[in-house]
Amino acid sequence: MEIKIALAGNPNCGKTTLFNELTGSTQYVGNWPGVTVEKKDGLLKGHKDVIIQDLPGIYSLSPYTLEEKVSRRYLVQEQPDVILNIIDGTNIERNLYLTTQLIEVGIPVVLAINMMDLVDAWGDEIDLSKLSAALGCPIYKISALKGEGCLAAAEAALRIAQARKPPKEPPHVFTGSVEHTLAHIEESIADLVEPRNLRWYSVKVFERDKDITDGMAIPPELLRHLDMHIQDCEQEMDDDAESIIINQRYEYIEKLVAEAVHKKEAKHALTTSDKIDRIVTNRFLALPIFVAVMTVMYYISVTTVGGWATDWTNDVFFGEIVTDAANGFLESIAAPDWLSSLIVDGIIGGVGTVLGFVPQILLIFFFMSLLEDSGYMARVAFIMDRIFRKFGLSGKSFIPVLIGTGCGVPAIMAARTIEEQRDRRMTIMLATFIPCSAKTEIIGMVTSVFFPDSVFVAPAMYFLGIAIIILGGIALKKTKFFAGEPAPFVMELPAYHIPSFKGVLIHMWERARGFIVKAGTIIFTVCVIIWFLQAFNTSLEMVEDVEQSMLAGVGNTFAWIFSPLGLGDWKNTVAVISAFMAKEQAVGTLGILAGADPENEEAVFKGIAAMFTPLTAFTYMVLNLFDPPCLVAMATTAREMGDKKWAALAIGFQCMIGYGLAFVVYNLGGWAFYGTPFGIMQGIACVLVAVALYFILRPAAPYRKTVAAAQGTD
């Protein structure tokens with residue numbers, strides 16, 4: 001019989017690290033039904049029928065975010081067999097707030113107090129027996145990072161689930177008139193809910209949680225009667241119902257911690273994390289340090305180690321091993337020329353060129369995972385919130401931007417955590433300007449072929465993306481559609497720690513896998529289509545001169561659109577259109593259009609170099625970084641916007657930014673660095689710059705003044 005163990009805990013409590021430790025390589029990722037929140041399941045090591053479910057990180061079961069709603073719906077409606085509640089031992093007071101709610105749900109709970117290595121290092125002591133007796137559930141000390149105690153806690157949860165015993169009565173968290181009112185509610189609704197959930201439902205009724213009460217079928221007369229009792233309690237406590245519950249929970253937790261947790265004196269001394277934060281979050285040093293970290297990351301991933309690995313992958317693996325094997329097999333079966341061309345030139349030449357950049361992608365994701373798991377990226381969000389807020393943007397918008405370094409689709413979905421609709425829509429419009437994995441491949445290709453000796457081109461594109469997000473946000477915020485104060489941003493800064501190497505590798509692979517899967521599906525399909533259009537004419541006859549192919553005809557039809565960007569050659573145009581469908585396809589298309597022997601990486605790169613000048617290559621890169629990311633992301637944008645007009649506005653805005661930037665780069669870049677005479681195009685580029693500056697620097701929309709006047713501050 002299948003047993004489900006749900007991992008629940010606050011963000012940054014080490015839940016994901018524990019999940020990786022318990023499941024290893026058995027993980028599978030999807031979405032929760034009906035929503036875009038990620039769902040991660042895995043099998044407990046050594047068991048074929050025990051599923052570990054990693055719930056989204058939440059602070060409460062009184063939901064304000066989509067993640068909290070998803071977790072609550074799952075725990076209350078689907079009910080796993082047992083909950084393994086992960087608690088950050090270094091911040092036990094705040095973490096126990098969720099624990100008191102989980103126990104009330106009526107599902108057996110096992111507590112796993114994580115980061116005990118840090119607790120011990122600080123000299124603090126946690127009396128597990130007192131905590132366990134008070135909360136009525138077993139408690140285990142673990143260190144998910146070091147893998148200590150993890151399986152023991154999971155096995156204990158499994159034993160409880162197998163015993164099928166009802167959970168103990170929840171602890172008496174509430175007192176006085178609150179407990180009296182809750183007891184009356186329990187007695188009144190006892191026939192409407194399961195006995196083990198009774199306490200949780202009574203608290204929700206007391207809080208007037210409409211999402212819950214609407215689904216309980218409480219008779220209107222009874223609901224009005226109960227509300228009168230709740231109002232009496234509110235008058236006596238001189239507070240609203242929800243605040244009363246929150247305050248009494250924390251009063252209970254404060255007493256419990258005072259009895260069971262003994263902290264070492266002299267806590268005024270700075271911790272190691274505090275000392276590091278005094279430098280990396282310093283008002284003046286934070287941004288230069290961030291720039292230096294990202295520059296080093298791209299230097300290793302793209303310019304040096306990643307570049308060497310990419311060269312070997314293209315030259316040796318695809319250039320010799322794969323191509324020689326394919327040619328040998330095709331010759332042995334006397335394959336026709338068209339089939340040999342399809343496999344060697346189309347598939348290996350296209351998909352192989354794309355996969356050749358996988359080492360760079362893996363290294364970037366490896367370093368990003370290191371930075372995230374160490375706790376540094378949480379500081380980056382804090383640093384960027386400080387910068388974003390000066391320009392009227394919410395720090396919450398930076399979380400989707402961080403996710404966008406992997407893929408634009410989940411970045412767009414992540415904007416759902418932003419409560420304000422205007423800020424959410426603006427984030428969707430801006431988040432994909434950060435280079436994703438597919439765009440990183442374009443950066444790697446352009447850098448490798450046209451700027452091999454430059455250390456700064458690759459990281460400059462990352463920071464240009466952030467600059468465009470900030471400047472675009474400033475301009476949008478000054479319109480009537482997005483005017484208003486940014487949404488508040490609260491984020492916990494976890495203690496620094498050395499990342500788990502295993503966890504980093506898992507995160508790296510999870511991100512890179514999607515890119516590789518695309519190479520095996522979408523890119524494979526598009527490469528075959530492009531090869532076919534390049535190899536045949538409209539009469540379906542194979543052509544020796546590519547200028548006579550259907551592909552050339554398609555490119556020449558649309559070349560006029562990209563001619564002002566220096567990309568008017570039909571090959572350049574086809575590469576742009578291909579990238580518009582999927583950024584991952586850009587390099588594969590160029591590999592096919594290069595017309596060189598795919599066995600010779602140097603010849604392929606020379607073929608690509610012949611299609612561009614350094615200026616047009618840079619323009620091509622800028623265009624692809626800032627126009628809409630791909631068809632899938634555009635479809636996601638349309639769905640998340642929930643309105644056709646807003647979807648069209650978002651995609652149109654991205655097209656305008658991408659095309660406009662590329663136009664300015666090509667025309668002013670040619671005039672400034674390549675001796676192009678100043679003409680009409682350069683004049684138009686100057687006008688575009690002036691218009692952009694106007695929208696960025698102009699006064700804010702009247703909406704802000706109206707709000708200020710209403711508050712008496714204008």
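At 40% relative accessibility, Lys263 counts as partly exposed. The term covers values between buried, under 20% relative accessible area, and exposed, over 50%, for a 1.4 Å probe and protein chains only. Accessible areas come from the Shrake-Rupley method with that 1.4 Å probe, and for residues only the protein chains shown count as cover. The model is predicted: local features need pLDDT of at least 70, side-chain atom pairs count only at pLDDT 80 or more, and totals for chains, interfaces and linings use all residues. Residues are numbered from 1 along each chain as its sequence is written, and side-chain values use heavy atoms, with hydrogens and water left out.

Lys263 has a partner in Glu93. Their side chains meet in a salt bridge, at 3.1 Å from N to O. Glu93 lies in helix 3 (residues 92-104) and Lys263 in the loop between strand 9 (261-262) and helix 12 (272-280), so the pair ties together parts 170 residues apart in sequence. Helices (H or I, at least four residues) and strands (E, at least two) are DSSP runs, numbered from the N terminus. Glu93 is partly exposed, with a relative accessible area of 27%. A salt bridge is defined as a side-chain nitrogen of Lys or Arg within 4 Å of a carboxyl oxygen of Asp or Glu.

A search of the whole structure finds 16 salt bridges. One of them joins the side chains of Asp81 and Arg164, with an N to O distance of 2.7 Å. This pair links distant parts of the chain, 83 residues apart. Asp81 sits in the loop between helix 2 (66-78) and strand 5 (82-88). Arg164 sits in the loop between helix 6 (150-163) and helix 7 (176-189). Arg164 is partly exposed, at a relative accessible area of 43%.

Strand 5 also contains Ile86. Ile86 counts as buried, at 1% relative accessibility.

Another salt bridge joins Arg196 and Glu194, whose closest N and O atoms are 3.9 Å apart. Both partners are partly exposed: Arg196 has a relative accessible area of 36%, and Glu194 has 47%. Salt bridges also link Glu179, Glu186 and Arg199 in a network.

Arg199 belongs to the buried residues of helix 8. That helix spans residues 198-206 and is mostly covered, with nine of its nine residues buried. Among them are Leu198, Trp200, Tyr201, Val203, Val205 and Phe206. Ser202 and Lys204 are buried as well. Just after helix 8, Arg208 takes a positive phi of about 60°.

The structure holds 16 aromatic pairs. Rings of Phe, Tyr and Trp (its six-membered ring) pair if their centres lie within 6.5 Å; planes under 30 degrees apart count as stacked, over 60 as edge-to-face and the rest as tilted. Phe481 and Trp646 form an edge-to-face pair, 6.0 Å centre to centre with 90° between the planes. The pair links distant parts of the chain, 165 residues apart. Phe481 lies in the loop between helix 22 (457-477) and helix 23 (501-520), and Trp646 in helix 31 (residues 644-673). Phe481 is exposed, with a relative accessible area of 51%, whereas Trp646 is buried, at 16%. Tyr694 and Phe695 also pair edge-to-face, at 5.4 Å centre to centre and 70° between the planes. Phe695 is partly exposed, with a relative accessible area of 36%. Elsewhere, ring pairs link Phe290, Tyr462 and Phe463 into a cluster.

Two surface patches complete the description. Patches are made of residues with over 30% relative accessible area and no salt bridge; like charges are joined within 9 Å, and nonpolar side chains (Val, Leu, Ile, Met, Phe, Trp, Tyr) within 5 Å. Ile680, Met681, Ile684 and Leu688 make a nonpolar surface patch of about 360 Å². Leu688 is found in helix 32 (residues 680-697). Leu688 is partly exposed, with a relative accessible area of 35%.

Glu544, Asp545, Glu547 and Asp569 gather in a surface patch of negative charge. Lys and Arg count as positive and Asp and Glu as negative, while His and the chain ends are not counted. The place of a charge is taken as NZ of Lys, CZ of Arg, CG of Asp or CD of Glu. Glu544 lies in the loop between helix 24 (522-535) and helix 25 (550-562). Glu544 is exposed, at a relative accessible area of 87%.
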